[in-house]
Amino acid sequence: MAKEIINEERNEIEVLGFSVKNSCFGINIEKIQEIVINKKITSIPCAPKGIIGMFQVRDGIYNVIDLEWILFGEKAIIDKDVFYILCNFEGKNYAFVVHNVSSIIKEEKDNISKVPEILTKGGAINITGIIRAENTLISILDVEKIVKNIGHFEEVLDEKLLKEIEKTK
């Protein structure tokens, strides 16, 4: 399991389950600081696509990342009902916009499926594993990779669009 923290004693991982555009995802709870709601976002001029803006929580300034845009290429609708999952990587604060937070899911390492190989070609996939839970699949996001690739997603989406246009010729 790439980059996911596994509890070696119990051989399990705990992820926070949530949804974006009616799809189920999870983030390893070891990477999460807290969850907040109803934050006023300040725009950032010329920010890379995928970053909506920023807000403050106590003494920290958080860059707000639009997971809907990152995962589906569509801008999220930000209203009073969205949640922000706060994380910190390498001393930088990030807030991931999600539509619904469900629960903490504990899963044995051996029960986590690998991402299908066809999806991992080209390195654009942001998923480290898949959990089967109660009639649904939960994709475990590699949030550090998402943050690292902010700005590069536009290139990937443009490249995919160009390939689709070429197919129609």
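Asn93 is buried, with a relative accessibility of 15% (buried, under 20% relative accessible area; exposed, over 50%; partly exposed, in between; 1.4 Å probe, protein chains only). The model is predicted: local features need pLDDT of at least 70, side-chain atom pairs count only at pLDDT 80 or more, and totals for chains, interfaces and linings use all residues. Residues are numbered from 1 along each chain as its sequence is written, and side-chain values use heavy atoms, with hydrogens and water left out.

Asn93 sits in strand β7 (residues 92-98). Helices (H or I, at least four residues) and strands (E, at least two) are DSSP runs, numbered from the N terminus. The Asn93 side chain makes a polar contact with the side chain of Asn88 at 2.7 Å. A polar contact is a pair of N or O atoms within 3.5 Å; within protein, one must be able to donate a hydrogen and the other to accept it, and residues adjacent in sequence count only if both atoms are side-chain atoms. The Asn93 side chain also reaches the backbone oxygen of Ile61 at 3.4 Å.

Five salt bridges were counted (a side-chain nitrogen of Lys or Arg within 4 Å of a carboxyl oxygen of Asp or Glu). Among them, Lys106 pairs with Glu14, with closest N and O atoms 3.4 Å apart. Lys106 lies in strand β8 and Glu14 in strand β1, so the pair ties together parts 92 residues apart in sequence. Lys106 is exposed at 51%.

Lys31 forms a salt bridge with Glu144 at 3.2 Å. Lys31 is in the loop between β2 and β3, Glu144 in helix α3, 113 residues apart. Lys31 is buried at 9%; Glu144 is partly exposed at 32%.
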